[in-house]
Amino acid sequence: MSATVFVRKKDSENVLKMNGINAKLYRPCDCSEGPLLPPGITVLDNQVAGHSFTKADSSLGILKHTDGSVLKPILKPGPGAREIQFYKNLQQATDPVSVELRGFVPEFRGTTTVTVNGRDVECIVLENVTNEFVEPCIMDIKIGRQTWDPEASSDKIETEKAKYADSRKEYGFCIPGFQVYRMSTGKVIRLGKDYGKKLNKETIKDALKLFLNADSGLNRHLLLQLLSKLWRILRWCRRQRRYRIYASSLLLMYDARRLRQNLRKTTGTTERPMSPVLSRAHSFAAPVLCRAQSLKLNLALRSNSALIDEGSFTGRTTNRGSYRSVPTTPTRISSPGIPEKSRSLVGAANGIGRSLSQTISRSLSFVSASPAPPPLERQSSNGSWHFDFKEACRTHSLVNNYEKDLQSMKDNYKSELDDLVSEEKPGDRELWAKVKMIDFAHTFSSVDDEVDTNYLEGLESLIKLLESLFQDF
Ligand SMILES: Nc1ncnc2c1ncn2[C@@H]1O[C@H](COP(=O)(O)OP(=O)(O)OP(=O)(O)O)[C@@H](O)[C@H]1O
Ligand SMILES: O=P(O)(O)O[C@@H]1[C@H](O)[C@H](O)[C@@H](OP(=O)(O)O)[C@H](OP(=O)(O)O)[C@H]1O
């Protein structure tokens, strides 16, 4: 990861050099004035990928309602109708595969018509899955090597094949966009598809680390919360034969506010990386806001809330919320770099990923073969990660035959999970990182009763990459 990040003015746009890649800062609305919208509805300011508001082709982005919903405009009749039908069917489904899937996607709240710039547009109404986060860090990861559906034209297939080619070929997923409240600089950055399209085998890991604020010390607690959700989706995906999911994304999200509290507790500062020893010894002793305190903070912040923009967030906090600075451009931001791992370590890390995933897979088949699997409502991730961690402890059982050189890391990892469960206090049950599956405009019913290998491979590969980050502690 390069040590310096800078922002400069070029052709009236902020251009940022990140990890050696020049990229525009992404904005969900690139018009000088926002669209004309009914009262109570605004542009979803933390949208990180997908179609956005542009004057040039009158494309529409995602909207949000004051009631906590997001509104996704239907832009194309075919895929739009398919996505609506997907959510409707899922809402009514009673089969176990669909019931479990329902827990992984935003709540569907029907459809509505919104007048945008004088034009009536049908929208899908969904729960805003970022609502509970004060400083939401959000990454959109599009899963699958194949992002076109079985009905795609040959032109569409060709254009899809040409995009994000390096990362898709290597990993079976790509990163169309993300935003992160950076601990080290106190700035929010939002990088879009022009950055994502330049990512390759090596730099994709940098992008994940950037998203995880790794230059302030990779936080195990954060990584495990995200992984525990991904393992659940993986377990589902290994078994399901009902859906073929193309061009759908995983939204990885966490609250930078909670990460900062966690880092402060562990290092006394957010400015420098944690030592591996410190991070191992203390990373779970995070100060925890009780639900009421957290809600209060949330409300206090929201009542002040100006649209959070690049440069407007200082990262410094008081107990009443974030300090905000006046945006300045150009801005020079410096960031302590993360030591690069050698190639051989990356290789070893892939081994770890494979082995951890195999372990999970073995355990998962055990779970699926079990005569009495946990009831579905207990598997629901809402409200508590306790169950997920307990499950993870169980599925990462030491009875498996680990490679010797990786044994101690995995022992640590296992005890980490044990610690998380045993040290859990009531407030810990609040989530501050989560994963949701979104965008089902290209999801079909399976016709061959086979596993969706395209989705599965991308998901496994993402999990391996994230698991390999444990090497960096
Ligand atoms: N339920 C939600 N809650 C919060 N944010 C959401 C939600 N759904 C979508 N978003 C935001 O909007 C972005 C785009 O969503 P989505 O992928 O559904 O749109 P799209 O226009 O169909 O994308 P694409 O161009 O990939 O087809 C996401 O990356 C995320 O930032
Ligand atoms: O990542 P990019 O470069 O933004 O590419 C877009 C992405 O593949 C979208 O999924 C796709 O919308 P659909 O899922 O609706 O096909 C859109 O097609 P579009 O330009 O025809 O809307 C593409 O432009």
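Which of the 19 residues around ligand 1 come nearest? The legends below start with that view.

This is a predicted model, in which local features need pLDDT of at least 70, side-chain atom pairs count only at pLDDT 80 or more, and totals for chains, interfaces and linings use all residues. Residues are numbered from 1 along each chain as its sequence is written, chains are lettered from A and ligands numbered from 1 in the order in which they are written, and side-chain values use heavy atoms, with hydrogens and water left out.

**View 1. The shell around ligand 1.** Val 48, His 51, Lys 72, Glu 127 and Asp 140 come nearest to ligand 1; a residue belongs to such a shell if one of its heavy atoms lies within 4 Å of the molecule. By class, this shell has nine nonpolar, five polar and five charged residues. Here Ala, Val, Leu, Ile, Met, Phe, Trp, Tyr, Cys and Pro count as nonpolar, Asp, Glu, Lys and Arg as charged, and the others, Gly among them, as polar.

**View 2. Polar contacts of ligand 1.** Look here for pairs of N or O atoms within 3.5 Å. Oxygen atoms of ligand 1 lie 2.8 Å from a polar side-chain atom of Lys 72 and 2.9 Å from a side-chain N or O atom of Lys 142. Glu 127 uses a backbone N or O atom, 2.9 Å from a nitrogen atom of ligand 1. On its own ligand 1 has 620 Å² of accessible area (Shrake-Rupley method, 1.4 Å probe), and the protein covers 91% of it.

**View 3. Ligand 2 and its lysines.** The residues around ligand 2 include His 51, Glu 160, Tyr 164 and His 442, along with Lys 76, Lys 142, Lys 156, Lys 163, Lys 193 and Lys 197. By class there are one nonpolar, two polar and seven charged residues in this shell. Taken alone, ligand 2 exposes 500 Å², and the protein buries 70% of that.

**View 4. The largest nonpolar core.** This core has 77 residues, and those with the most contacts inside it include Ile 175, Phe 178, Tyr 195 and Met 437. A nonpolar core joins buried Ala, Val, Leu, Ile, Met, Phe, Trp, Tyr and Cys residues through side-chain atoms within 4.5 Å, buried meaning under 20% relative accessible area (1.4 Å probe, protein chains only). Apart from this core lies another, of twelve residues, among them Cys 29, Val 43, Val 114 and Val 116.

Notes:
Buried means under 20% relative accessible area, exposed over 50%, partly exposed in between (1.4 Å probe, protein chains only). A polar contact is a pair of N or O atoms within 3.5 Å; within protein, one must be able to donate a hydrogen and the other to accept it, and residues adjacent in sequence count only if both atoms are side-chain atoms.
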